[in-house]
Amino acid sequence: MSKIFVIETKNTHYAIGVDERGLVRHLHWGDKVDKKDYDIPAIWDTNSNYSDLDNAKLEYTVFGGKLYRNCAFKCTYADGCRDSVFLFENAEETENSLAITLVDKAYDVRIKLHYLFSKNDDIITRFAEVINDSNASVMLDRIMSAEINLPTEKPYEIQNMNGSWGAEFQLETTELKTGSVNYESRKGTMGHTNHPVFIASQNATEDYGRVYFGALGYGGNFKVEMTRDYRGMTRGIIGINDFDFSYELKAGESFVTPKVYIGVTDGFAVMSNMMGKFAVENIMPKSFAKKPLPVLYNSWEATWFDVSVENQLELAKKAKQIGCELFVMDDGWFGDRHDDHQGLGDWVVNKQKFPNGLNELIDGVNELGMDFGLWFEPEMVQRDSDLFRTHPDWIYHYEKRENSELRNQLVLNLTKPEVKQFVFDCMDKMLQKHDIKYIKWDMNRPFSEIGAENLENPQELWYRHTMAVYEIADKLKEKYPYLQLEACSSGGGRAELGALEHFDMVWTSDNTDPLDRLTIQKGYSMLYPTKSMRAWVTDWNDWCRPTSLDFRFLSSMQGSLSIGANLSKYSDDDLAKAEKYISLYKDIRPTIQFGDLYRLASVRQDDYNATEYVKDDQAVLFICTGADSLFNHQFKEIRLKGLDSNAIYSFDIDNKHFEKSGAYLMNVGINQCLGTPLECKIVVLKKLTN
Ligand code: DGJ
């Protein structure tokens, strides 16, 4: 009864076989081959220590029988049995989907493996669904979104965006020769340390070499574990972290995992551009995905908590003068909030700071011709707040434990329906009474003392909390279709695809040093779309590593340009320069936010950064040197990519005008002498039509 299913994307095949025993076997992921050649290899116990199941490449390995390697699924049945036997039951195929159902007949529980794909790209969306058709509960102990099988016995280089607060998105590579490499979060959100992604390759570059990758659409506790076994096979699992996780699936219920988007390409550039476009087309909220994001001003680094109608309006006037389209007031506008010790939870306008309410400021901003946005940190409460005084039991807690604080905050138990409703209401009330077009949703601490006495199975809290955040964000967007949402978590703690399924953009780091930011932006660009990356021009690092305003702008213009500087302190010359750059950004915005991105050189590897964006008849090149002098390596030939070889491009650089063919620019390149540290240039190339 063996069967073969072939998923066909634009350039690739993903082949699955069902063997005589009913095991769902992984056959191939890569270039297309003749479909009739697919075969299901025999498997057997190599010796008494390595079983047939250990040797098999399975689409979704379950824990049970003589399996001793990693698995994607583990459960406990009501009678205490922790051994699963899931075998093929049936498959449903359409032009763009495949769903394979496996059944554990002894317990009447099914696992449905979903695959969604199209001929427009090489991304396959995968997720798993468990359906409990029995009349008893099943405890899910581990349920991954997907298992990944990679071809060849040779070791892979596994990349992830690692880091910490203020140093997010540092790309690191580990050669996986033996054992496992594990990336995860146990904090409640993704956090700053690792990303829920895998990038596996062997000597690949931006342009060449096979790259297998995947990114999870889930920003709660996650796990990515890549393993290389005794015979050299590399496998991976990706999904919700099973650490402190279990989920009780009652009779008749089903559980659907988060989606994971996987793909295979040649080179990292194709990977990034394909994933970026796929996210805009298929993942991000529809209301703004295909619209360019406005240039925003955020007053956080200008006024910190000390906000008032006067100082915000003063900044708003300057923001308008330089061309900003949206004015966002950050932390400090609510409750008794004067620093980070009190107020979270009291989402009412502070009367001392805004004696006539918030509309005075919002009207002022609107009259200037800008939209208005507001900051919230809705999942949090502080002891010194009316909310905590009224509802001390609304936080995660245990009766006999003292709650730990981080930034003087406690985490609200969003798994309680009344708390979830409160969180929605606090933003809804503000939106009802004010013309607020934008919410920056912040989240500044990991969970602790994770008691949720309301839950029958408290280990569901991590998952349920994340889903509650997504549900509230979706409800807000449904009620206010014009509302734009930004996800922030102490900088980049929520800058991942799970957030991007519900929020329109993310904040990648509180580190706004423009040179550090180039490295952060590179890491972000690997798997996430450029347009979703807010990038502020600030004065933040003036005391430590001063950079010119030009450098700060040209760094931030490589994402969704935003301004976070204290404009009140800007000279007329600086304001004029800012205005000039914002106006230029508006011209090139479609190319930056929606174009193809080429990472030509990066500060960490090449001493300088060169990034190119190409869309239709325009290409934009940014060149920025690092902080060190380039000594003898200042002569650079910067070869562009993605141009039309036969077309002529016109551009200016170093006050000289050029007209060169795409072939010349891509093969010979632009000669540059880059001797000075922290030097920067932008080159806008226009394709001439004749
Ligand atoms: C952390 C964020 O990352 C900052 O941008 C800012 O919003 C502060 N929180 C406000 O407290």
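1. A cavity is taken here as a set of points, on a 1 Å grid over the protein atoms alone, where a 1.4 Å probe fits but cannot get out; lining residues have an atom within 4 Å of a point. Grid points are joined across faces, edges and corners, and a volume is the space filled by probe spheres set on the points. By these criteria the structure contains 4 cavities of 30 Å³ or more.

2. On the basis of the work: this is a predicted model, in which local features need pLDDT of at least 70 and side-chain atom pairs count only at pLDDT 80 or more, while totals for chains, interfaces and linings use all residues. Residues are numbered from 1 along each chain as its sequence is written, and side-chain values use heavy atoms, with hydrogens and water left out.

3. Helix 11 (514–525), strand 30 (596–601) and strand 31 (608–615) each contribute at least two lining residues, and helix 11 gives the largest share, with 4. Helices (H or I, at least four residues) and strands (E, at least two) are DSSP runs, numbered from the N terminus.

4. The lining of the largest cavity comprises 5 nonpolar, 7 polar and 2 charged residues. In this classification Ala, Val, Leu, Ile, Met, Phe, Trp, Tyr, Cys and Pro are nonpolar, Asp, Glu, Lys and Arg are charged, and the others, Gly among them, are polar.

5. A polar side-chain atom of Asp331 is 2.7 Å from a ligand oxygen atom, and a side-chain N or O atom of Asp442 is 2.7 Å from a ligand nitrogen atom. From Gly491, a backbone N or O atom lies 3.0 Å from an oxygen atom of the ligand. Of the 290 Å² of accessible area that the ligand has on its own, the protein covers 97%; these areas come from the Shrake-Rupley method with a 1.4 Å probe.

6. Ser532 sits in the loop between helix 11 and strand 28 (533–537). Ser532 counts as buried because its relative accessibility is 0%; buried means under 20% relative accessible area, exposed over 50%, and partly exposed in between (1.4 Å probe, protein chains only). Its side chain makes a 2.6 Å polar contact with the side chain of Tyr524, and a polar side-chain atom of Ser532 lies 2.6 Å from the backbone oxygen of Pro529.

7. Gln593 belongs to helix 13 (residues 572–594) and is buried, at 4% relative accessible area. Its side chain forms polar contacts with those of Ser560, at 3.3 Å, and Tyr585, at 3.0 Å.

8. Ser490, although not a glycine, has a positive phi of about 45°; Ser490 lies in the loop between strand 26 (484–487) and helix 10 (497–500) and is buried at 12% relative accessibility. Asn655, also not a glycine, has a positive phi of about 65°. Asn655 is placed in the loop between strand 34 (648–653) and strand 35 (656–661) and is exposed, with a relative accessible area of 83%.

Notes. 1 Å grid on protein atoms, 1.4 Å probe; cavity = no way out; pocket = protein on both sides within 12 Å on 5 of 7 lines; lining within 4 Å. Polar contact = N/O pair within 3.5 Å; in protein donor to acceptor, adjacent residues only side chain to side chain.
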